[in-house]
Amino acid sequence: MQPDGIVRRRTNAAKSRAAERERGDKIRTQVVIVGAGPAGLLLGRLLENHGVETVILERRSAAYVLGRVRAGVLEQGTVELLERAGVARRLHEDGLVHEGVELRFDGERHRVDFRALAGRTVTVYGQTEVTHDLMDARAASGTATVYEAEQVSLHDFDGASPTVRYVKDGVGHEIVCDFIAGCDGFHGVSRAGVPAAALQTFERVYPFGWLGLMVEKPPFSDELIYANHERGFALCSMRSPHRSRYYVQVPLDERLEDWSDARFWDELRRRLDGETAQRLLTGPALEKSIAPLRSFVAEPMRFGRLFLAGDAAHIVPPTGAKGLNLAMGDVGLLAAGLAEFYEERSEAGIDAYSSRALARVWAAERFSWWMTSLLHRLPDADGFTRRIQRAEFDQLRWSQAAARALAENYTGAFGR
Ligand code: RFL
Ligand code: PHB
């Protein structure tokens, strides 16, 4: 029995599809999912719970996918979705529930209390762990995932019978399906395969990036700290009671090899006040990387029988901690729409997918852009921008309405 009460049974059709696959004939499945990131894996799991057959095609190895260090903050809605998918046991054991966040402006501090202002919390649990849990669940159910699938290409998704071709170990394969879910991230093939005339894109590229460092040391604060300092933005985050994640804003042309661990710690200390800087526990970097900041949306998120979900359709700058949450939200909607199609023969859910998802996407885009503008050092010849940032920070202190808006957006209350 699945957590949502659905008994999983292999239908006769599914059995014969599995037999066909074993004979090496042309494969048929219901939904091909391109990409085994969090969006693709969660979609596979949610569909499996509704008895919908999927094949996931992933360009990289499972080890490579698990080696990527990315997001760390889950909205309450994301946690609920993972619960519904039946993959939240470890998340509840190890995840850290956070009831607020601290903002700083030139050393002055203000705590935003999520529970008091929005009645919600967030959970700190790394994307790597979410991916791990989803991969384990998929492996346990024996559902097909092809890692190191090369040259994935999508065909005929404007008709009733799309096909997906790929090469594995030098051998070409073709899968015929009902639907394709493009969950292959910003640089994937799904969005790139849509005719340019059918797609409208919106983009802002920020003139800076984030240099991130992971360290096996306890965080010095129980909550995340977002700091606007005149030297640039800094973020103190964590993955567990023993592992911390820190970021500093750097120019876009900065080279990773120019940043020794010592230089990173020195820069971070300068952006925190004296007392905090003394409490910072430093150590050798487990991982260090530079990520550019970008806002991007492609509209619509459906083309015939191809759906885009997650980073394949949109990117947010990480300041609002929304990237992973948006990806999860997309596939929650898409899974419900596809389940409705198979169980009730209704296209209402899949027809509404793009507009419903885009409403949430734009709410998150606005919030992430706003947090980024509030907290980073921006080009500012006469100091006007910095004074506006200061006034905005002050408003969060004197206006409960302003603080509540931040709390609602950060915890993902929008549109729910
Ligand atoms: P993912 O995680 O990029 O997964 C897409 C998967 O598709 C595979 N793929 C292909 N597979 C088959 N054929 C192809 N041609 C393929 N092309 C690509 C890829 O190998 C990959 O496994 O997208 P998804 O599932 O939509 O999940 C989205 C999240 O990963 C993303 O929004 C966040 O991690 C964004 N993000 C961050 N978000 C935060 O909220 N906080 C962060 O601190 C944070 N840090 C980050 C990030 C994204 C980063 N990227 C994408 C460069 C740091 C980085 C470096
Ligand atoms: C992280 O822990 O990696 C993290 C947390 C909050 C953000 C971005 C990244 O806004």
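**Ligand shells and nonpolar cores in a predicted model**

Helix α10 provides the largest share of the shell around ligand 1, with 3 residues. Helices and strands are DSSP runs, numbered from the N terminus (helices are H or I of at least four residues, strands E of at least two). The model is predicted, so local features need pLDDT of at least 70 and side-chain atom pairs count only at pLDDT 80 or more, whereas totals for chains, interfaces and linings use all residues. Residues are numbered from 1 along each chain as its sequence is written, chains are lettered from A and ligands numbered from 1 in the order in which they are written, and side-chain values use heavy atoms, with hydrogens and water left out.

The shell around ligand 1 holds 29 residues, of which E58, R68, R70, Q127 and D311 come nearest. A residue belongs to a shell if one of its heavy atoms lies within 4 Å of the molecule. By class, the shell around ligand 1 has 14 nonpolar, 7 polar and 8 charged residues. Here Ala, Val, Leu, Ile, Met, Phe, Trp, Tyr, Cys and Pro count as nonpolar, Asp, Glu, Lys and Arg as charged, and the others, Gly among them, as polar.

Polar contacts to ligand 1 come from backbone and side chain. A polar contact is a pair of N or O atoms within 3.5 Å; within protein, one atom must be able to donate a hydrogen and the other to accept it, and residues adjacent in sequence count only if both atoms are side-chain atoms. A polar side-chain atom of Q127 lies 2.7 Å from an oxygen atom of ligand 1. A backbone N or O atom of R59 is 3.1 Å from a nitrogen atom of the ligand. For G323, a backbone N or O atom lies 3.3 Å from a ligand 1 oxygen atom. On its own, ligand 1 has 1000 Å² of accessible area, and the protein covers 84% of it. Accessible areas come from the Shrake-Rupley method with a 1.4 Å probe; for residues, only the protein chains shown count as cover. The elements giving two or more residues to this shell are α2 (38-49) and α10 (323-344).

Ligand 2 has 13 residues around it, with Y226, S237, R239, Y247 and P318 nearest. Polar side-chain atoms of Y226 and R239 each lie 2.7 Å from an oxygen atom of ligand 2. In Y247, a side-chain N or O atom is 2.6 Å from a ligand 2 oxygen atom. Alone, ligand 2 exposes 280 Å², and the protein buries 97% of that. Strands β16 (232-240) and β17 (243-251) each supply at least two residues of the shell. β16 gives the most, with 3 residues. The shell around ligand 2 has 8 nonpolar, 2 polar and 3 charged residues.

Strand β17 also contains Q249. Q249 counts as buried because its relative accessibility is 8% (buried is under 20%, exposed over 50%, partly exposed in between; 1.4 Å probe, protein chains only). Its side chain reaches the backbone nitrogen of F233 at 2.9 Å and the backbone oxygen of R377 at 2.9 Å.

The largest nonpolar core has 76 residues, and V31, L42, L43, L57 and L82 touch the most other members. Such a core is a set of buried Ala, Val, Leu, Ile, Met, Phe, Trp, Tyr and Cys residues joined through side-chain atoms within 4.5 Å. α10 gives the most to this core, with 10 residues. A second, separate core of 33 residues includes F114, Y247, L396 and Y410.
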